[in-house]
Amino acid sequence: INARLDKLLALMRKSKVCFSPRVEPFGMAILEAMAAGLIPIVPSAGGSAEFVPQQFHYSTLEQAAEIMPSAFHLSNAERLQISNSVNKFSSSHYIEGFQQIVSKLLQQI
């Protein structure tokens with residue numbers, strides 16, 4: 001909790017999985033972990049369930065424990081795919097989308 005950024009980055013470099021024991025409304029920490037290449041294991045309720053692949057959702061701690069081994073053995077390509085899936089939440093993606101909307105509206109004038 002409240003780790004310095006350098007400590008957080010060092011931990012993420014050594015990690016493969018990010019286990020979330022809490023239901024969160026959105027899950028910014030989960031997005032950041034995914035962007036860093038960690039595989040998220042999250043409750044099947046809450047905001048994180050909206051963007052985390054279904055196979056990494058759990059309803060009980062027993063289910064989470066069953067999912068964990070498969071998350072450790074994903075290929076680098078699968079990790080990269082999960083990492084890239086969060087790009088749709090980037091600032092540049094939102095700016096690009098906003099610009100497209102404005103452009104379409106201007107064409108209608």
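Trainee: What should I keep in mind about the model itself?

Mentor: It's predicted, so to speak for itself: local features need pLDDT of at least 70, side-chain atom pairs count only at pLDDT 80 or more, and totals for chains, interfaces and linings use all residues. Why is the pair of Phe 19 and Tyr 58 called stacked?

Mentor: Rings of Phe, Tyr and Trp (its six-membered ring) pair if their centres lie within 6.5 Å; planes under 30 degrees apart count as stacked, over 60 as edge-to-face and the rest as tilted. Phe 19 and Tyr 58 have ring centres 5.6 Å apart and planes at 25 degrees, so the pair is stacked. The pair links distant parts of the chain, with Phe 19 in strand β1 (residues 17-19) and Tyr 58 in strand β3 (residues 57-58), 39 residues apart. Strands (E, at least two residues) and helices (H or I, at least four) are DSSP runs, numbered from the N terminus.

Trainee: What makes Tyr 58 buried and Phe 19 partly exposed?

Mentor: Buried means under 20% relative accessible area, exposed over 50%, partly exposed in between (1.4 Å probe, protein chains only). Tyr 58 has 5% and therefore counts as buried, while Phe 19 has 34% and therefore counts as partly exposed.

Trainee: And why is the pair of Phe 26 and Phe 51 called tilted?

Mentor: The planes of Phe 26 and Phe 51 are at 45 degrees, with 5.6 Å centre to centre. That angle falls in the range left for tilted pairs. Phe 26 lies in the loop between β1 and α2 (28-35) and Phe 51 in the loop between β2 (39-43) and β3, so the pair ties together parts that are 25 residues apart in sequence. Phe 26, at 34% relative accessibility, is partly exposed; Phe 51, at 10%, is buried.

Trainee: How do you know that the buried residues of α2 are on the same side?

Mentor: The buried ones are Ile 30, Leu 31, Ala 33 and Met 34. They cover an arc of only 165 degrees around the axis, which puts them on the same side of α2. The arc is that of the directions from the helix axis to the C-beta atoms. As background, an α-helix has 3.6 residues a turn, so residues three or four places apart point the same way. The buried residues of α2 pack against α1 (5-14), β1, β2 and α4 (76-84), where contact means heavy atoms within 4.5 Å.

Trainee: What about α4: what puts its buried residues on the same side?

Mentor: Arg 79, Ile 82 and Ser 83 are the buried residues there. Their arc is only 100 degrees around the axis, which puts them on the same side of α4. They pack against α2, β2 and α3 (61-72). The face turned away from the buried side of α4 carries the exposed residues Ala 77 and Gln 81.

Trainee: Why does Glu 78 count as partly exposed?

Mentor: Glu 78 is found in helix α4. Its relative accessibility is 36%, so it counts as partly exposed.

Trainee: Which residues of the lining of the largest pocket are closest to its centre?

Mentor: Leu 8, Cys 18, Ala 29, Ile 30 and Ala 33. A pocket is an open set of points on a 1 Å grid over the protein atoms alone, where a 1.4 Å probe fits, with protein on both sides within 12 Å along at least five of seven lines; lining residues have an atom within 4 Å of a point. The largest share of this lining, four residues, comes from α2.

Definitions and conventions. Residues are numbered from 1 along each chain as its sequence is written. Side-chain values use heavy atoms; hydrogens and water are left out.
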